[in-house]
Amino acid sequence: MIPLTLARIAEITGGRLLGDPAAVVTGEVVIDSRRAGPGGLFAAVAGERADGHHFASAAVAAGAVAVLATRPVPVPSVLVADVPAALAALAAFVADSLPAVAIAGITGSSGKTTTKDLAAQLIERLGPTIAPAGSFNNEFGHPLTVLRADSSTRYLVLELSARGPGHIAYLCDIAPPRYGAVLNVGRAHAGEFGGLDQVAQAKGELVEALPAGGAAILNADDPRVLAMAARSAARVVTFGVRDRAASVRAADVRLDDLGRPSFTLLTPEGPAPVTLRLHGAHIVPNALAAAALAGELGLGLADIADGLSAAVARSRWRMEVRRREDGVTVINDAYNANPESVQAALQALSHLARDGRAFAILGHMAELGATSRASHEEVGEFAARPEIGRCLAGLIAVGEEAAPILAGARRVRSWTGEALAVPDGAVALDALANQLKPGDVVLVKASRAAHLEGVAELLLAEEADR
Ligand SMILES: Nc1ncnc2c1ncn2[C@@H]1O[C@H](COP(=O)(O)OP(=O)(O)O)[C@@H](O)[C@H]1O
Ligand SMILES: [Mg+2]
């Protein structure tokens, strides 16, 4: 962060200072006291499980200069009415103080983190870039990311998420992006929005925030995203796998036996070969968005193609593919789940299994609202239909809310695999572990709350014990 005195922090946040006005914050602003360090600022947040105020002293003991708090704590503090609002004010001040920083925002229903990680690995070739691993995309993570910028920073690559209208506009107000990419409009959080058109309305707040000199990077394959072109003052740059009119495209997409795509990247600068290290055909549009973004920021085609081919997964539990020594492959995609991302993962599963056996351990997809049951059934039906069903030997639904997946699968008469409902991941593991053979592929996927990543990790460890 740019160095700020406590007096200045109190002024920016409209808070009351209880401490030395001349003390200077030079380190990171954090909301997790375990991450507090020398020179930093700890923002105390009252969460569902813990109240950060209880850790104020621990944060200061770890080196934090002061605590941003909503009630008195026994250490130096700035008392504010609302911590997220204070973080937003501080982040806005920092963004405003660093006019040389080019700010890029990425939104969409699926693939934000993957695309942000890819884009960061390209943009880092241009200069010092802030883009933390993971999903720092809401009213906490976004300002915390912006606050990491200082006078040495040249690029900020931000992930923007929305659980309702106005959320993305709010984040764009904090750190106004000049470049914005919208990946897709899908059913993630559709329950909170009411429907896909409302999701599109909210995601489009990003392109509405872009200035005339900026660029809106839009997925030409998604009509709701392409339609956002009309909502932006910025120049529109399109990307797409299917749309031949898109300015950044992929031709000849092929997947290797672990599902890693190779393709010819087609850009206005010309063609270039790319081989991704990430898994699944659905990563290709994300790579195109990252390429378009980096191109707008000035990265040349050779660097883009090279950078995409060198890029690795920075954030965990998204399509992690690992093969056990006995030849069983495990796909750990347990970070989150919505209908589109489950279908994408199932497609990757069937590709990896080819003529062998595939198994899917699926937990429930959260926050789908009134369409939840139907969406689970639809995913089950998708899994059982011949394209994937031909190799799907077992479909295990974890937890009551995931059970409709099996009802959907049973609708497909041609499917001969086994459908099993289990109460939790441990039972899923018991049911599957003994029957796995070399060549089998297992997908593990669910919404975050299900915590199925542990199941994938245990599946990988199973064999190591033998
Ligand atoms: N373009 C895409 N279409 C469908 N699913 C995708 C896409 N990109 C990523 N996914 C899947 O969505 C899940 C979340 O990916 P992530 O990059 O963390 O997205 P987000 O940050 O938007 O939640 C993963 O299972 C990933 O494989
Ligand atoms: Mg994310």
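This is a short chat about a predicted model and the two ligands discussed in it.

Visitor: Before we start, how should I read the numbers?
Guide: The model is predicted, so local features need pLDDT of at least 70 and side-chain atom pairs count only at pLDDT 80 or more, while totals for chains, interfaces and linings use all residues. Residues are numbered from 1 along each chain as its sequence is written, chains are lettered from A and ligands numbered from 1 in the order in which they are written, and side-chain values use heavy atoms, with hydrogens and water left out.

Visitor: Okay, which protein donors does the magnesium ion (ligand 2) have?
Guide: They are T113 (OG1), S135 (OG) and E159 (OE), at 2.1 to 2.2 Å from the ion. Donors here are N, O and S atoms within 2.8 Å of the metal (3.2 Å for Na, K and Ca); water is not among the atoms, so sites may look incomplete.

Visitor: How are those donors spaced along the chain?
Guide: The spacing reads T-x21-S-x23-E. S135 sits in the loop between β9 (129–130) and α5 (141–147), and E159 is in strand β10 (residues 155–159), 24 residues apart. Helices (H or I, at least four residues) and strands (E, at least two) are DSSP runs, numbered from the N terminus.

Visitor: Is E159 buried or exposed?
Guide: E159 is buried, at 3% relative accessibility. S135 is partly exposed, at 26%. Buried means under 20% relative accessible area, exposed over 50%, and partly exposed in between (1.4 Å probe, protein chains only).

Visitor: Switching to ligand 1: how many residues surround it?
Guide: There are 19, and the closest are K112, T114, R318, D333 and K445. To count as near, a residue needs a heavy atom within 4 Å. α4 (112–123) and α13 (339–353) each give at least two residues to that shell.

Visitor: Which side chains have N or O atoms by its oxygens, and at what distance?
Guide: For K445 the distance to an oxygen atom of ligand 1 is 2.6 Å, and for N336 it is 3.0 Å. T113, one of the magnesium donors, also has a polar side-chain atom 2.8 Å from an oxygen atom of ligand 1.

Visitor: How much of ligand 1 does the protein bury?
Guide: The protein buries 93% of the 560 Å² that ligand 1 exposes when taken alone. Those areas come from the Shrake-Rupley method with a 1.4 Å probe; for residues, only the protein chains shown count as cover.

Visitor: New topic: how many disulfides are there?
Guide: Zero, searching the whole structure; a disulfide would be a pair of cysteine sulfur atoms within 2.5 Å. C172 is buried at 4%, and C391 is buried at 5%.

Note on methods
Polar contact = N/O pair within 3.5 Å; in protein donor to acceptor, adjacent residues only side chain to side chain.
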